Amino acid sequence: MTSSLRILTASTLDSNPSLLLIAADGSKTLVNCGEGCQRSFLESGASSGAPSTSTNTHAYTYTSTSVRVSSVHRICLTHIGHDALGGLPGMILTTADVAESAARDFQRRMTKEANGTLGGGGNDSRKRKDLSLADGNNRSYNGNDNDYSREEQDRERDREREELADLEIIGPQGTKDFLHSLRHFMRRDRFKIHAREGTFDSSTCHRADSTNNDSNSDIDRGNIPPRKKKKKTKHKKGGNSRHRDVHEDVGFHVKTLPINYQLTTSATTTSSTSSSTTENHNDDTIQTIPTNTSTNTTTTNITKQAQSYLFTTPPIPGKFLIEKARQKRVPPGPLYAQLKAGKTVTFADPTNGEERTVRSEEVVEKASPGVAVAVVYCPVLEVLGKLREAEMFCALERKGTRDDDEATEKGESSTNASTTANTTKATMATNSVELDVIVHLTPKSIYHHPSYQSWCRRFGNRVDHITLHVPETLEARTSSSPSDGGRGAVSPFCSAMRGGIRRSFVSDEIFPRLRLQDGMTDEKVTTPAGERNDTDHLDGSNAETIATIEGCPMMEYHLIPRAKRGLNESTNRSPYATNEMEVLETEVIRTGAVTLAKELISTDHIESNNDTKTDTGETDAKLGELIFSGTGSAIPCKHRNVTGMYLRMNNGNAILLDAGEGTVGQLIHSWKSSLPSQCTSQTAIEEYRSRLRGIKAVWISHPHADHHLGLLRLLSERNAICSQNDPIVLMAPPNMFAFLSEYASIAPEIHRGYIAVDCRDMMHGKIHPMGRKLYEDLGVTNCMSVPVAHCPYSFAVVIDGTSFGRVAYSGDCRPSNRFADVGFGTDLLIHEATFEDGMEEEAVMKRHSTVGEAMDIARRMKAKALMLTHFSQRYPKIPPLKRSIQNGECSTSEDDEFPIAFAFDFMRVRPNTVSTAAKLTPALRLLYPGEGDDDVMDAELLKEGKDSVKELMNVPGVFAAKGIL
């Protein structure tokens, strides 16, 4: 029986603190689910601990086993914000889809059993039993069976249905409102979510459920009948099973502590003496665009809720002392089990036949009441005062230390206070759980505050303290360095970072060199992450020191067995080798990719531009660029992030084309790669601020989560540095604005951060509602949406006046003749290519395009260049490019008259480097000699649907029919 605490991610440029509690029964509780959380699960099975024996000698093994998203049964949120729940919608979708797949598999097996096809058919009596199981008949079966009884099969079915478990989500006030807002863009009708917010105690939740407690009812599109706790079974080899007592719990109990606090925000408003107005077609409001302005700063108080948690294990049974049992001559077998269960046994002594009695306490160590893990979220000192007074934590404090600290703080002698405390109660009650570790989700300034340190000392020197510092500002996040987090300051998405670095050795012009460390060069190095740091009392008193462990990704802390309690040192290693860059470069050179790349582009001469220089010394033309922040499809992948593009204009401002989860973090890594290697933190901060301010518009192609969840962080962080008179022009489907409006009611930091433009109001042939603002901010002369076939409210877009000329972006869709017509003559076509050629049926079922179909659209458009993106996670590297179809005839890609490039995360192309990017494809293929297959598709489901799909493909205009669009 083992139980542990694992750090998934820390605060970095592209991740936020999250941790995982693994119970003795294997159930898992996730604390916070920020952007990229699912990707961190994929990385958890990758590699630290010890160098691997594979050819990638720089890799390490994080843990002995990987962690699956589907194994999480409970998610706890410390607050409402993008850094706590930015990845939650995607997590829900993945968990629901896994459960749905398991349900389909379960139903198919039940059908096979009913038809007598499982296990070769079997005899008639076995078939009759299977039929009764399939139709739910409760009549008992009296036939003989060597493997199963009827009762055991019923238990088996209950167990498998239990495995199709739903998800419990616990959070502060606003959690239910957030979950309810997700209905605007995602539905999983058969998947149940049990939402709890505010004060909650799982040890009493089942009684609360039975009385239909209003404050913590189950929800899923409204209300769900509370799920009753079922009996579980545990399998042994040979197919047998036994019942676990219905009241036996081996998972974590959870108790919450919600604390309200006031947050003061400042907002800069602008008054105007002369202005122009445009109408917002979404909510019938008027947006003013000032010309002559003066600024005014106001402050607003916002009430927020911080939620801390106490997780406790059930009582831990004492260890059975087998040697003592042997000394007392207890025969091995059933009597051992009875003694373990706390019973007294009487038996005949096998040596002389005399009757002997042995009590359980003679051969079993004393049971432990259980262990506890506290997760404290303290964003401001106001919260600390209420933490110190909370009964939940006072019960866990070491009483003598508490009184001693209070006396010290008052300037009094601690001798009398300590004596009195030791006389009354020196330690916790014997029937209380034992607090092992506190995880602190706090800003660094709060954690090191004397009052906070004093509170930590109340728990005694036996309690460990793990810090996952929460950044207070954008500056705190972007200036983090090895000293501020060590391993925590490097990206946890090692596969993507290594892939980007490998590609940079092929061409650092198209793939800028990524930096593994988040911080810059002007920081001082102190205690490395993962190492214990005895924090002295900062007010100079002689109080005891605090054992502080700086948290880092994949760090593991053992809770059970008690003999292993503490930090797992094998996980306390950096995910990157000290010579990471040299190792990666050597690997790339050995593939021959570097040599081939030089040959392929030896004839290319990237012309320098001599346009007017800006204040920074750069030419206008050099500011134009296209950066891919994500190039994968909806299913999370450790090699590719979900969709997002940053299209920068010649004046330095930019528009985002989709903004999937993790977009901002990926962009910051890309922006950082363009800075001088020795630049200071302040230079980096100014660059990030400038880039965020420069994002003047966002285009969202359709309401699927993988294309817009990055908006929450973008709007939040951009609002923090911009005035209220500099909102983003957000062009999106109408249901997106309904979602954002509801989200803003519980997370006001995004309030007034955007101007809503419905994609339907900017279709080809209409006047764009915010056309003037787009022209003034971006130089865009026209921006047109085109309805396409994918899901309701799916659109492609054609933009004129960019740094690349005319740019057309397909979003997710089937090939569209209308899109080809509207985008005719485009200079750069960005088209999705989810599936490879030969998978047209799958593309139709999923309403996506193949590589060949995207190329065909480019020909019909007379596009000058084609960039392919949104690849299925079936192809984590480069999808095959076998052939294209034109007028029913096959032609190879080399026959095409326009360059075709495959997009990668962190890829950066400029107007004069698109053809170079296309030429590098053969060299890039050498980096990935074996095409992977990261996801497992439901082959049986695809086979069932192919015939009907082929028929649909032969029906003209089928995708314009109602129910398809």
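Contact means heavy atoms within 4.5 Å. Axes are lines fitted to C-alpha atoms, for helices over the stretch in contact, and angles run from 0 to 180 degrees between N-to-C directions. Helices (H or I, at least four residues) and strands (E, at least two) are DSSP runs, numbered from the N terminus. The legends below describe a predicted model, in which local features need pLDDT of at least 70 and side-chain atom pairs count only at pLDDT 80 or more, while totals for chains, interfaces and linings use all residues. Residues are numbered from 1 along each chain as its sequence is written, and side-chain values use heavy atoms, with hydrogens and water left out.

**View 1**
The chain holds 33 helices and 34 strands. Of its 965 residues, 55% are buried; buried means under 20% relative accessible area, exposed over 50%, and partly exposed in between (1.4 Å probe, protein chains only). Among contacts with a separation of 6 or more, 70% are between residues 24 or more positions apart. The mean pLDDT is 77, and 68% of the residues reach 70 or more; pLDDT is the predictor's confidence in each residue, from 0 to 100. Over residues 399-430 the pLDDT is below 50, and this stretch has 35 contacts in the model beyond near neighbours in sequence. Residues 520-529 also stay under 50, with 33 contacts beyond four places in sequence. Where pLDDT is low, the predicted coordinates should not be read in detail.

The strands follow the order 25-24-23-22-21-20-34, and their pairing is mixed. Two strands pair if DSSP finds at least two bridges between them. Strand 25 (754-758) and strand 34 (908-909) are the edge strands, each pairing on one side only. Strand 22 (residues 654-659) and strand 23 (residues 695-699) run parallel and are joined by four bridges. In this pair, Ala654 stands opposite Ile695 of strand 23.

Helix 24 (residues 681-694) lies across strand 20 (625-630), strand 21 (644-648), strand 22 and strand 23, and runs at about 50 degrees to strand 23. Helix 25 (residues 711-721) packs on the sheet as well, where it touches strand 22, strand 23, strand 24 (728-732) and strand 25. The direction of helix 25 makes about 160 degrees with that of strand 23.

**View 1. Nonpolar cores and Met731.**
A nonpolar core is a set of buried Ala, Val, Leu, Ile, Met, Phe, Trp, Tyr and Cys residues joined through side-chain atoms within 4.5 Å. The largest one has 87 residues, and Met731 and Met907 have the most contacts inside it. Not counting residues up to four places away in sequence, Met731 touches residues including Ile655, Ala697, Val698, Trp699 and Val757. A second, separate core has 71 residues, among them Met554, Ile668, Ile695 and Ile746.

Strand 27 (residues 795-802) and strand 28 (residues 805-809) run antiparallel, joined by four bridges. Thr802 stands opposite Gly805 in strand 28.

Ten of the eleven residues in helix 30 are buried, including Val851, Met855, Ile857 and Met861. Lys862 follows helix 30 and has a positive phi, near 60 degrees.

Glu168 lies in strand 5 (residues 167-171) and is buried, with a relative accessible area of 11%. The side chains of Glu168 and Arg74 are joined by a polar contact of 3.0 Å. A polar contact is a pair of N or O atoms within 3.5 Å; within protein, one must be able to donate a hydrogen and the other to accept it, and residues adjacent in sequence count only if both atoms are side-chain atoms. Glu391 lies in helix 12 (residues 391-394) and is exposed, with a relative accessible area of 68%. The C-alpha atoms of Glu391 and Leu257 are separated by 9.5 Å, and these residues are 134 residues apart along the chain.
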